[in-house]
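Let's take a walk through this model together, going from strands to surface to charged side chains. Please keep the sequence and the 3D view open as you read.

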Amino acid sequence: MLPNEISNLSLQTSPEMADRYAALSYDYNPLHLDKEFAAKTAFGAPIAHGTMALNLLLQAIENTFGSELRGENIEIRFSAPVKVGETITAGGTRADDGYAVWVKTEAGATVISGVLRLDRQQ
């Protein structure tokens, strides 16, 4: 039987984490790493790599269903940036067509939203 919710998983972002993630992903965009550069952008401060939030969501899904999940399909939309230093939480709830999934900031802003669909054989 499938759970009603995806287990919440949180992550506190930090400049050090952004540096390590840049090295891991080879994404050294100054928007993520350089305070002076980022201050001149529309964001006003460094923002976390979008895939960092996506990976948090994928880890929450794996924590809930295990690594043996097969036949899944996920559709997501990035809707807001995460400023470096913010805490984000990933989770989801059961819906008619699978799970409504999300990543939100502490303030409640949704930064990723989407739908996780599972193979009917699950």
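Strands here are DSSP runs of E with at least two residues, numbered from the N terminus. Keep in mind that the model is predicted. With that definition in hand, look for T105, which sits in strand β4, residues 98-105. Is T105 buried or exposed? Its relative accessibility is 8%, so T105 counts as buried. Beyond its neighbours within four places in sequence, T105 touches E86, T87, I88 and V111.

Now turn to the surface. There, a nonpolar patch is formed by L58, I74, I76 and F78, with about 310 Å² of accessible area together. Strand β2, residues 73-78, provides the largest share of this patch, 3 residues. I76 belongs to that strand, and its 30% relative accessibility makes I76 partly exposed.

How many salt bridges does a search of the whole structure find? The search finds 2. One of them joins the side chains of E75 and R117, at 3.0 Å from N to O. Because E75 lies in strand β2 and R117 in strand β5 (residues 110-117), this pair ties together parts that are 42 residues apart in sequence.

R117 also forms a salt bridge with D97, where the closest N and O atoms are 3.4 Å apart. This pair links distant parts of the chain, 20 residues apart, since D97 is in the loop between β3 (87-95) and β4.

Notes: Residues are numbered from 1 along each chain as its sequence is written. This is a predicted model: local features need pLDDT of at least 70, side-chain atom pairs count only at pLDDT 80 or more; totals for chains, interfaces and linings use all residues. Side-chain values use heavy atoms; hydrogens and water are left out. Patches are made of residues with over 30% relative accessible area and no salt bridge: like charges are joined within 9 Å, nonpolar side chains (Val, Leu, Ile, Met, Phe, Trp, Tyr) within 5 Å. Accessible areas come from the Shrake-Rupley method with a 1.4 Å probe; for residues, only the protein chains shown count as cover. A salt bridge is a side-chain nitrogen of Lys or Arg within 4 Å of a carboxyl oxygen of Asp or Glu. Helices (H or I, at least four residues) and strands (E, at least two) are DSSP runs, numbered from the N terminus. Buried means under 20% relative accessible area, exposed over 50%, partly exposed in between (1.4 Å probe, protein chains only). Contact means heavy atoms within 4.5 Å.
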